[in-house]
Amino acid sequence: MWDWLHDNSTTLQVLVSLLSTCVWITYLHVFLSSYRRQTRSSLMISREGARDLKARCIVSNMGSEAAFLMDVLVEFETEGKKFTTSVIDRLELQGAEGDTSKTGSAQGPMASGSYVDIGSFEDILTRAHRQFDSADFTRDILRTRLIAIAATSQARDLVAACRGFEFIFGTEGSVVHVRPIEIAAKQIRSRRKRKSLRRLLEKIQRDEVLNRSVSPELIGRPGAEN
């Protein structure tokens, strides 16, 4: 036995070294996976306070890092047409005579675990309504999708979350229930999607209204990893 160990000592040393390397690689993989989970950005979009149009729309930062909320987009379909526009600015606060000094914005930094109240769903529809001429704008919409976009990592990276809501109408034609379509917001944070987010923000800033839905290019097909 000892003779065999002596004769194969070099081979055994190589095997032990390889085994130790494999163990350390496994530890490193576990450590990196844990670190990435802890530092991964996460935005939540929720309905709070009520179930009708008075319900508040809340964007929360559940990541471990602070984030800067850059924009909130709303997309919807009305009269067979699809639109996407920004609702980050609280246009309902604007003075009756067009005094823009009274206009606020939900744009700004969010600490880890904090949230921003975007406004009520009624406020969101009012902001979007200003872009269109439809008198029965609310009645024309059956569902909407909100997309919150934020900057993380010292504003180097863009991330987003997307969640849909549907409107349930009562017998008198008014919205009586705003119901989330998904259980939680879909996270958008891959490198390829970040480039799409940057292009999207540039288009929104330039055109204000896009005559199409943007969520398909951001979240892809159902079940796809983003």
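Predicted model: local features only at pLDDT ≥ 70, side-chain atom pairs only at ≥ 80, totals over all residues.
**Entry 1: a salt bridge pair**

I started with Glu-217, which is partly exposed because its relative accessible area is 34%, between the 20% and 50% cut-offs. Glu-217 makes a salt bridge with Arg-212, and their closest N and O atoms are 2.6 Å apart.

How many salt bridges does the count come to? I got eight.

I picked Arg-194 and Asp-157 from the list, with closest N and O atoms 3.8 Å apart. Arg-194 sits in helix H4 and Asp-157 in strand S10 (residues 157-169), so this pair ties together parts that are 37 residues apart in sequence. Then I checked how open each one is. Arg-194 is at 27% relative accessibility, so I wrote down partly exposed. Asp-157 is at 23%, so partly exposed goes down for that residue as well.

My other pick was Arg-179 with Glu-166, where the closest N and O atoms are 2.7 Å apart. This pair links distant parts of the chain: Arg-179 is in strand S11 (residues 175-180), Glu-166 is in strand S10, and they are 13 residues apart. Arg-179 comes out at 37% relative accessibility, so I put it under partly exposed.

**Entry 2: back to helix H4**

Arg-191 is found in helix H4 too. Is Arg-191 buried or exposed? I found it exposed, because its relative accessible area is 68% and the cut-off for exposed is over 50%. I also checked Arg-191 against Asp-157: the two are 34 residues apart along the chain, yet their C-alpha atoms are separated by 8.8 Å.

Then I followed the chain into the loop between H4 and strand S13 (209-210), where I came to Glu-208. Glu-208 has a positive phi of about 70°, although it is not a glycine.

**Entry 3: a pocket**

Next I went looking for empty space. Rolling a probe the size of a water molecule over the atoms shows where such space is left. I looked up the second largest pocket, which holds about 310 Å³ of space. Its lining has 16 residues, and Asp-71, Ser-86, Ile-88, Asp-89 and Ile-204 are the ones nearest its centre. Strand S3 (67-78), strand S4 (81-86) and helix H4 (191-207) are the elements that each give two or more residues to this lining.

Which element gives the most to the lining of the second largest pocket? My note says H4, with three residues. I sorted the lining by class as well and got six nonpolar, six polar and four charged residues.

**Entry 4: a nonpolar patch**

Last stop was the surface. Which residues make the nonpolar surface patch of about 490 Å²? I wrote down Leu-19, Val-23, Trp-24 and Tyr-27. I looked up one of them, Leu-19, and found its place in helix H2 (residues 9-39). Leu-19 has 57% relative accessibility, so it counts as exposed.

Conventions: Residues numbered from 1 in each chain as written. Heavy atoms only, no water. Patch = residues over 30% accessible without salt bridge, like charges linked within 9 Å, V, L, I, M, F, W, Y side chains within 5 Å. Areas by Shrake-Rupley, 256 points an atom, 1.4 Å probe, with all protein chains shown as cover. Salt bridge = Lys/Arg side-chain N within 4 Å of Asp/Glu carboxyl O. Helix = DSSP H or I, 4+ residues; strand = E, 2+ residues; numbered from the N terminus. Buried < 20%, exposed > 50% of the residue type's maximum accessible area, 1.4 Å probe, protein only. 1 Å grid on protein atoms, 1.4 Å probe; cavity = no way out; pocket = protein on both sides within 12 Å on 5 of 7 lines; lining within 4 Å. Points joined across faces, edges and corners; volume = space filled by probe spheres on them. Nonpolar A, V, L, I, M, F, W, Y, C, P; charged D, E, K, R; others polar.
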